[in-house]
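The sequence and the model are shown first.

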Amino acid sequence: MDNIIQQIHGVPLNHYLIFCSVIFSIGVLGVLIRRNVIIIMMSIELMLNSVNLLLAAFSAHSGDPSGQVFVFFIMALAAAEVAVGLAIIIMVYRNTKSVDIETLSRLRW
Amino acid sequence: MTLFYFVAFLSIFFALMTIFTKNPVHSVLYLVITFFTFTVHYILLNAQFLAVVNFIAYMGAIMVLFLFVLMLLNLNKETEPMRSHVVKFMGAIAGMCLLITFLGAFRVLETDTGLVVADPEIGLVKNLGKVLFKDFLLPFEISSILLLTAMVGAVLLAKKETRVKQNG
């Protein structure tokens, strides 16, 4: 276990911030440029995961275990969100035969 | 120290592959690899509980759910809807603007550039369990109700509505 801790020694907290914001931006980019609803949900998962990693890093930095408990709750929330979201996608696909998000624009009226 | 940068590079690479691959099944598989690199990050932070939960719940359950739905809907490269190049370009510019805003904010913020000192005790299952069942007992129980609600809702949503079809 000691050499695992040695591996992380010397990485500044700023680099975790930069890395996680890069991953978050990639998630936002995925939401913007894709039309497949499932891939958009996957991009949302990517964003959630980047925030999780940042919470874990800050919790290890400040020595407070509450951050890691929060990550656990976010994971439970993500599981619930994915279950309901995929059920909605299956229902939409059954009615429209498409996973294109543009077909959902008829919800405006 | 170099291990962190190597794994971070792998995470960014596979995350980019996730959103740029045309085939949705490949996209899910790349996302699984991305989550695996995140598990390695948790291990590096010595957050063993989170690493195990990430491995089992995220990679094992959620990603299999995604893959299952993709296979069920029979999606592949040919049926994949793509945005036009103009919208893609604008999306790329917007994403880069967000990233630049983040980086500029971090520069101004001047967070203490202290090292990530991984407290060796904090992420272990024993200590995290103590916190979870002492300070966060009520949210923990409520999250079980949330999962039950999600399960009932998912079954109710995805079930075929037989009665409506008989009427129509």
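The model is predicted: local features need pLDDT of at least 70, side-chain atom pairs count only at pLDDT 80 or more, and totals for chains, interfaces and linings use all residues. Residues are numbered from 1 along each chain as its sequence is written, while chains are lettered from A and ligands numbered from 1 in the order in which they are written.

## Chain B

The secondary structure of chain B consists of seven helices and zero strands, where helices (H or I, at least four residues) and strands (E, at least two) are DSSP runs numbered from the N terminus. Along the sequence this gives the pattern α-α-α-α-α-α-α. Of the 168 residues in chain B, 26% are buried. A residue counts as buried if 20 or more other C-beta atoms lie within 10 Å of its own, as exposed if 12 or fewer do, and as partly exposed in between, with C-beta atoms placed from the backbone. Among the contacts in chain B with a separation of 6 or more, 60% join residues 24 or more positions apart; two residues are in contact if their C-beta atoms, placed from the backbone, lie within 7 Å.

Helix 1 of chain B covers residues 2–20. Its buried residues are B:Phe4, B:Val7, B:Ala8, B:Ser11, B:Ala15, B:Thr18 and B:Ile19. Seen down the axis of helix 1 of chain B, these buried residues fall within an arc of 105°, so they line one face of the helix; the arc is that of the directions from the helix axis to the C-beta atoms. The face turned away from the buried side of helix 1 of chain B carries the exposed residues B:Thr2, B:Tyr5, B:Phe6 and B:Phe9.

The expected span is 1.5 Å times one less than the number of residues.

| Helix | Residues in helix | Span, first to last C-alpha | Expected span |
|---|---|---|---|
| Helix 1 of chain B | 19 residues | 27 Å | 27 Å |
| Helix 2 of chain B | 21 residues | 30 Å | 30 Å |

Helix 2 of chain B is followed by B:Asn46, which lies in the loop between helix 2 (24–44) and helix 3 (48–73) of chain B. The phi of B:Asn46 is positive, near 60°, in a residue other than glycine. With 22 C-beta neighbours inside 10 Å, B:Asn46 is buried.

B:Met59 belongs to helix 3 of chain B and is partly exposed, with 18 other C-beta atoms within 10 Å. Leaving aside residues up to four places away in sequence, B:Met59 touches B:Val32, B:Phe35 and B:Phe36. B:Met59 and B:Val32 are 27 residues apart in sequence, yet their C-alpha atoms are 5.9 Å apart in space.

## Chain A

Helix 3 and helix 4 of chain A pack at an angle of about 175°, with their axes 9 Å apart. Axes are lines fitted to C-alpha atoms, for helices over the stretch in contact, and angles run from 0 to 180 degrees between N-to-C directions. This angle makes helix 3 of chain A roughly antiparallel to helix 4 of chain A; angles under 35 degrees count as roughly parallel, over 145 as roughly antiparallel, 65 to 115 as roughly perpendicular and the rest as oblique. Among the residues that meet are A:Val37, A:Met41 and A:Leu48 in helix 3 of chain A and A:Ile74, A:Ala78 and A:Ile89 in helix 4 of chain A. The residues of this contact divide into 13 nonpolar, six polar and one charged. Here Ala, Val, Leu, Ile, Met, Phe, Trp, Tyr, Cys and Pro count as nonpolar, Asp, Glu, Lys and Arg as charged, and the others, Gly among them, as polar.

A:Lys97 is in the segment after helix 4 of chain A. The phi of A:Lys97 is a positive value near 60°, and A:Lys97 is exposed, with 11 other C-beta atoms within 10 Å. Most residues other than glycine have a negative phi.

## Where the chains meet

In all, 65 residues of chain A are in contact with 75 residues of chain B. Helix 1 (2–8), helix 2 (13–33), helix 3 (37–62) and helix 4 (66–96) of chain A each supply at least two residues of the side that touches chain B. The largest share of that side, 21 residues, comes from helix 4 of chain A. By class, the side of chain A that touches chain B has 47 nonpolar, 15 polar and three charged residues.

Helix 4 of chain A also packs against helix 5 (residues 125–134) of chain B, at an angle of about 75° with the axes 10 Å apart. Helix 4 of chain A is therefore roughly perpendicular to helix 5 of chain B. A:Ser66, A:Gln68 and A:Val69 of helix 4 of chain A make this contact with B:Leu128, B:Val131 and B:Leu132 of helix 5 of chain B. Four of the residues in the contact are nonpolar, two are polar and none is charged.
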